Structures are given as structure tokens and as C-alpha cells.
Amino acid sequence: MKKLLSFLLALALLSGLSVIAFADGESTGGNQTVNAHITGDPSWVLVIPADQTIEFMAEETDIVHHDCSIDNPKHIPADCTINASLTHTGNFTLKTDESKTIPFTLNAFDADVAAGTPVIVSQYWSDTRVNHCYAEFNIVISRDSWKSAEQGGTYTTPVTYTSELVDHIVDPADGGTDRS
Amino acid sequence: MKRILCALLLCSLLCALMPDAFADGVQQVSLSIPCTVTVDVGEYGKVYSNSTTWIGPSIGSFQVWPGTRVSFLITPDTGYVVNVLTLSGRDVRDGLRYGLYGTVIEHNETLVVRFGKPASPSPTPTPSPIPTLWPTSTPSPWTTPVPTTPPWQVTPPYGPKTGDENTVGTWATLLLVSAAALLVLSRKIHKPHTDQAQKRN
């Protein structure tokens with residue numbers, strides 16, 4: 001009996017410690033896809049927007065364009081949500097000198113989103129089986145910020161998209177409160 | 001013992017089955033700021049680039065988008081060579097070919113060009129060069145060829161070869177012989193005076 005229990009325990013520990021989710025992505029000029037694989041039944045594909053270049057002196061640029069979505073959800077339990085969120089750093093950094101930056105703000109749901117704070121851009125609700133893509137997410141670079149760039153060159157910023165399965169319904173329009 | 005094992009087993013199973021899966025992806029957003037290229041040209045030459053000619057001594061600048069390849073045609077005045085060629089402080093003289101220097105601009109850069117007289121000829125250049133008026137080199141893609149003249153070569157406007165080029169050695173030898181002769185003569189002249197002075201004493 002002890003041996004059987006030990007075996008089961010080891011098996012359970014192994015499954016618990018195994019990588020229960022991983023992401024792989026690719027960018028071929030169009031949107032990028034990130035596959036979420038879970039040990040178990042639920043799975044989906046996170047589609048994130050393609051890399052983007054902001055026009056010189058553009059003060060507002062939508063970086064999502066409703067291009068973030070949760071595709072092909074499978075075996076999502078009832079009353080669960082898959083949330084896709086983005087976070088930003090608040091600064092563009094010069095490729096050749098990281099000390100040179102250009103600040104920006106991210107505007108979503110008519111409010112500024114602080115750097116490092118996740119904001120939901122897309123959702124899948126398992127009760128209605130609807131995939132929601134939310135409003136514009138604008139990177140705002142003020143004219144003064146453009147002019148303050150003392151060093152010429154190419155500046156980049158990473159926008160990180162994360163998706164997760166939560167066991168309740170969340171409505172981002174209600175400030176992320178439980179919808180159910 | 002069995003109870004503890006069962007509890008651990010249950011905990012592990014719960015951990016494994018928890019729906020905390022996630023997936024990450026990164027979108028790179030980029031923008032470009034035009035790069036300023038400053039050209040600082042010293043006297044005795046000129047630099048041509050981006051449809052502009054800077055005649056030394058002068059300082060000017062132009063702007064290009066990052067990633068643009070920029071070429072500079074550097075032409076010293078006759079009898080001068082490029083002594084200093086730096087790009088934002090880095091010595092880039094090795095990149096100079098037939099008066100052309102090219103680079104890809106990724107951020108603000110400053111090109112400094114200084115001209116000077118070529119270095120004095122070395123006494124025993126090895127291998128000994130065959131004196132030619134102009135170097136035999138592949139022609140520059142630019143319409144104005146810029147020769148890279150070694151310091152030992154004779155360049156215009158010194159005129160055609162007459163056979164009198166190697167007069168420095170001759171003159172130096174004559175000067176030495178004259179000096180030695182003068183020294184000997186002066187000793188002979190001064191010696192009797194010193195002998196008379198000794199006799200008086």
C-alpha cells in the first residue's frame with residue numbers, strides 16, 4: 001500500500017511540477033500567435049498584433065487595432081474567462097544606447113494606463129462563447145517628447161501580452177470586477 | 001504516515017489541476033528619429049557628402065534616417081594628405097579607400113577630418129619603391145580621382161623628372177666636407193697665436 005501511495009505521490013508531484021503552460025510565438029509580417037498548452041483539457045491560441053512602427057511625430061497611434069484575440073478555445077470550463085492583457089514600459093529605448101529614452105503614455109478605455117499595469121485587451125467568456133476584442137489602445141507621444149529626443153536613431157519598446165484562464169467572469173469595463 | 005502521504009498526494013493533484021495557465025507574447029513597437037551627422041573639416045582639403053561640399057576649415061551637419069548608408073568623398077589639397085579621420089571619436093582611417101569613406105548611420109555621429117603635409121621620407125624605405133608620378137590603382141567610382149600618394153613619391157606640381165631629384169645627399173656630403181675643411185683651417189690659423197702667447201708668458 002505504501003509503495004502504491006509513494007508511486008502515486010511521485011506521479012502527482014511530477015505532474016504538478018511539470019510545465020503546465022508554455023508559449024511560443026512567431027511573427028511573419030501579420031499578426032503573431034502564441035499557443036497556450038495546458039496539461040489537461042483547456043487550450044487556446046492567443047493572437048497578438050504584429051510588430052509596428054510609429055510614424056515620425058505621430059502623437060497617437062493605435063497599437064492593437066482589434067488584432068488581439070483568443071482563438072480556438074477548447075474545453076474551457078463553464079463560467080470561466082480567458083483574459084488577454086497587455087503591459088507596457090512607458091518608455092521607448094534607443095537601440096544603440098539604452099540610456100536614451102522617449103516617454104509615452106498608453107491610453108485605454110479613455111484613461112491612461114500606468115507602466116507595468118496589465119490592461120485587458122481581449123476576452124473569451126465561456127458562458128456565452130464569445131470572444132471580445134476591446135477598444136483602441138493608443139500610444140501617446142506628446143510633441144514635447146518627440147522634440148526632447150536628443151539622440152537620433154531607432155527606438156523600441158516591448159508591449160507584452162499575457163493570457164490566462166480564470167475561474168470567474170471578469171468585465172474590464174467594470175474595472176476588472178467579477179461579472180458573475 | 002499514511003494520512004500525511006494522502007494529504008501530500010491531494011495537494012499535488014490540486015496543484016496540477018489548477019487552471020492557472022498563461023501564455024505570453026511580445027509586440028515590438030518602434031519609431032525612428034532622424035540622425036544628425038556633423039562634419040568637421042580642417043583646412044587644406046574638402047569633404048563632399050549628401051549633395052554638400054564642406055571646404056575646410058568648416059563645420060556643418062545634415063540629417064538622415066537611421067540605417068542610411070552615407071559616403072564621404074575626402075579630397076586633400078595638392079601636397080596634403082588626410083592626417084586625422086574620426087567618427088564620433090573612433091579612428092576610421094582604415095576605412096578610407098581612394099578618398100572615400102562610407103558608414104551606416106544608426107545614431108548621431110560626428111566626422112572629423114584633418115589634413116596635413118605627408119610624413120618626411122624615410123631614409124631606407126623597404127621595399128624600395130619605383131618612383132612614379134601617380135599610383136597605379138583601380139579608378140575611383142567617383143568622377144574626381146583622389147590619389148593616395150605614398151610620402152616617398154613625387155607629386156605635382158614639382159614638375160617632370162630631370163635627374164636632379166636626389167640632391168639632398170650630395171649637398172649634405174658637400175656641407176660636411178666643407179665644415180671639416182673649415183675646422184682644420186681655423187685650427188691652423190689659431191695655433192701660432194697661442195704659441196706666441198705662451199712665449200710671452
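**View 1. Strand S2 of chain B pairs with strand S10 in the parallel sense.** In this predicted model, five bridges connect S2(B) with strand S10, residues 109-116 of chain B. One residue that can be located in this pairing is B:Val37, which lies opposite B:Glu109 of S10(B).

**View 2. Strand S2 of chain B also pairs with strand S5, here in the antiparallel sense.** Strand S5 covers residues 58-64 of chain B, and seven bridges link S5 to S2(B). Within this pairing, B:Cys35 faces B:Val64 of S5(B).

**View 3. Strand S2 of chain B has one covered face and one uncovered face.** The strand spans residues 35-41. B:Cys35, B:Val37, B:Val39 and B:Val41 make up the covered face. The uncovered face consists of B:Thr36, B:Thr38 and B:Asp40.

**View 4. Strand S7 of chain B runs antiparallel to strand S10.** Strand S7 comprises residues 81-87, and six bridges join S7 to S10(B). B:Val81 has B:Gly116 of S10(B) as its bridge partner.

**View 5. Four strands of chain B form an open sheet with antiparallel pairing.** Here the order is S4-S3-S6-S9. Strand S4 (52-55) and strand S9 (100-105) of chain B are the edge strands, and each pairs on one side only. From one strand to the next, the twist averages 20°.

**View 6. Strands S3 and S6 of chain B are joined by four bridges in the antiparallel sense.** Strand S3 takes in residues 45-49 and strand S6 takes in residues 68-76. B:Lys46 has B:Thr75 of S6(B) as its bridge partner.

**View 7. Chain B as a whole contains two helices and ten strands.** Read from the N terminus, its elements follow the order α-β-β-β-β-β-β-β-β-β-β-α. The chain has 201 residues, of which 16% count as buried. Among the contacts in chain B with a separation of 6 or more, 64% are between residues 24 or more positions apart.

Technical notes: Residues numbered from 1 in each chain as written. Chains lettered and ligands numbered in written order. Predicted model: local features only at pLDDT ≥ 70, side-chain atom pairs only at ≥ 80, totals over all residues. Pairing = 2+ DSSP bridges. Axes fitted to C-alpha atoms, helices over the stretch in contact; angles between N-to-C directions. Buried ≥ 20, exposed ≤ 12 C-beta atoms within 10 Å, placed from the backbone. Contact = placed C-beta atoms within 7 Å.
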